Amino acid sequence: MPADADRYAKITGDRAFRPHQYRQHVTAADWHVSDACAPPGTWAGEQALDIDLAHGLASDADILYVGADSCLDNDLMDAESYVIDGRRADGISNSWAEIIHSEPGHLTPALIDAWDLLFEQAAAEGIGVYFAAGDCGDSSPDAAQTGVNCDPKTTQAQADFPSGSPWVTSVGGTTLALDRHGDYAWETSMGDELSILTDDGTAWGPVPGVFTFGGGGGVSDFPQPWYQHDRVPGSTGHRTTPDVSLEGDGALPVLIGLTDAETFHLIGFGGTSAATPAFAAIQADAQQACGHRLGFANPLLYALPRAHLFHDITDQPAKAGTPPLTVVRDEGPDTDTSTGEQRYLLYTLGHDFGLHARPGYDDATGLGSPTPGYLRWFRHTKGTLK
């Protein structure tokens with residue numbers, strides 16, 4: 001991992017790791033991967049995504065990678081506890097999510113309470129915990145019919161867990177557009193509807209497409225926490241996610257680097273799996289800017305003056321022109337056929353399933369994405385509201 005990250009940094013113009021800046025706690029001898037989990041090698045892209053974005057956006061931060069012994073809750077909880085019990089980090093980025101309401105289900109009330117107590121312990125110790133909000137829109141059965149990152153066992157619309165815990169910061173996804181100079185142009189909610197070019201190359205079908213990928217969010221089972229009071233319009237009295245968002249659209253993925261079969265590749269990755277380490281890195285920058293630990297982020301995030309510190313994201317941004325927003329993606333030679341022809345996909349953007357980005361706080365993008373003024377605010381105020 002360190003060699004891949006340094007090579008990626010050289011290619012992208014970032015700084016390589018300093019000696020001992022990257023550490024990892026992974027015990028391969030203790031892995032016990034059952035049929036419920038994918039083989040460890042398939043998670044290499046997720047590991048590279050976490051490290052490349054964390055280091056790329058917070059190049060001065062020390063990074064500790066902690067690998068769980070399996071994908072099961074008890075092993076994931078052990079990995080989280082390793083950091084929290086030893087206070088080994090100021091922030092923990094988690095690019096995984098699951099659902100509470102499913103058939104069959106395994107998240108019992110006791111297991112959910114155990115997770116929540118762990119996150120509350122982290123908050124008490126001044127550790128910020130960041131979780132991906134998911135990539136299945138409202139995680140409903142209708143979304144799961146076509147969504148590529150959905151759990152088909154879902155029984156209702158719901159906020160993903162642990163993202164829905166009131167003691168963690170839930171990070172949603174956006175689609176980011178740059179202008180010709182590489183500067184910020186606009187953002188919309190992360191929600192892609194997919195159309196495919198017909199065999200004769202004359203039309204897209206279906207139009208506008210079928211839901212494929214979208215930022216997670218919605219109402220959780222937890223009571224509304226104090227920091228969301230009077231901040232979430234149309235409140236149901238429950239915790240609502242996400243809290244903030246950053247780019248992560250699978251149709252326009254971020255670039256990461258990793259070695260596969262002894263060959264180094266630059267590949268695209270997307271989802272709130274990308275947005276979460278990116279926001280955790282921005283929080284590390286904010287901590288550096290103000291000179292002290294920030295800890296649990298949500299109370300301050302909701303108390304900040306939103307107008308200058310967050311982009312207010314909507315499904316159809318005014319600067320983007322006439323809707324719908326679309327992008328054609330060239331998938332390269334189609335390896336599924338013998339023709340070798342190029343394969344093109346049409347994505348209609350800003351169509352998250354069951355969630356909508358509206359002015360102000362919303363269940364698609366939360367408070368929005370940080371503006372350049374976000375870090376300036378921490379630098380000038382030292383992270384303190386007057």
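This is a predicted model: local features need pLDDT of at least 70, side-chain atom pairs count only at pLDDT 80 or more; totals for chains, interfaces and linings use all residues.
Buried means under 20% relative accessible area, exposed means over 50%, and partly exposed is in between, with a 1.4 Å probe and protein chains only.

Residues are numbered from 1 along each chain as its sequence is written, and side-chain values use heavy atoms, with hydrogens and water left out.

Disulfides, then. A disulfide is a pair of cysteine sulfur atoms within 2.5 Å. The count comes to 2.

Take Cys37 and Cys71. Their sulfur atoms sit 2.1 Å apart. The torsion about the S-S bond is about -85 degrees, so this disulfide is left-handed.

Next, Cys136 and Cys150. Here the sulfur atoms are 2.0 Å apart. The S-S torsion is 100 degrees, a right-handed link. Both Cys136 and Cys150 are buried.

How are the bonded cysteines paired along the chain? The pattern is 1-2, 3-4.

One more cysteine: Cys290 is buried, with 6% relative accessible area.

Now Gln228. Is Gln228 buried or exposed? Its relative accessibility is 0%, so Gln228 counts as buried. A polar atom of the Gln228 side chain lies 2.9 Å from the backbone oxygen of Thr240. Contact means heavy atoms within 4.5 Å. Leaving out residues up to four places away in sequence, Gln228 touches His238, Arg239, Thr240, Asp243, Tyr302 and Tyr361.

How values were computed:
A polar contact is a pair of N or O atoms within 3.5 Å; within protein, one must be able to donate a hydrogen and the other to accept it, and residues adjacent in sequence count only if both atoms are side-chain atoms.
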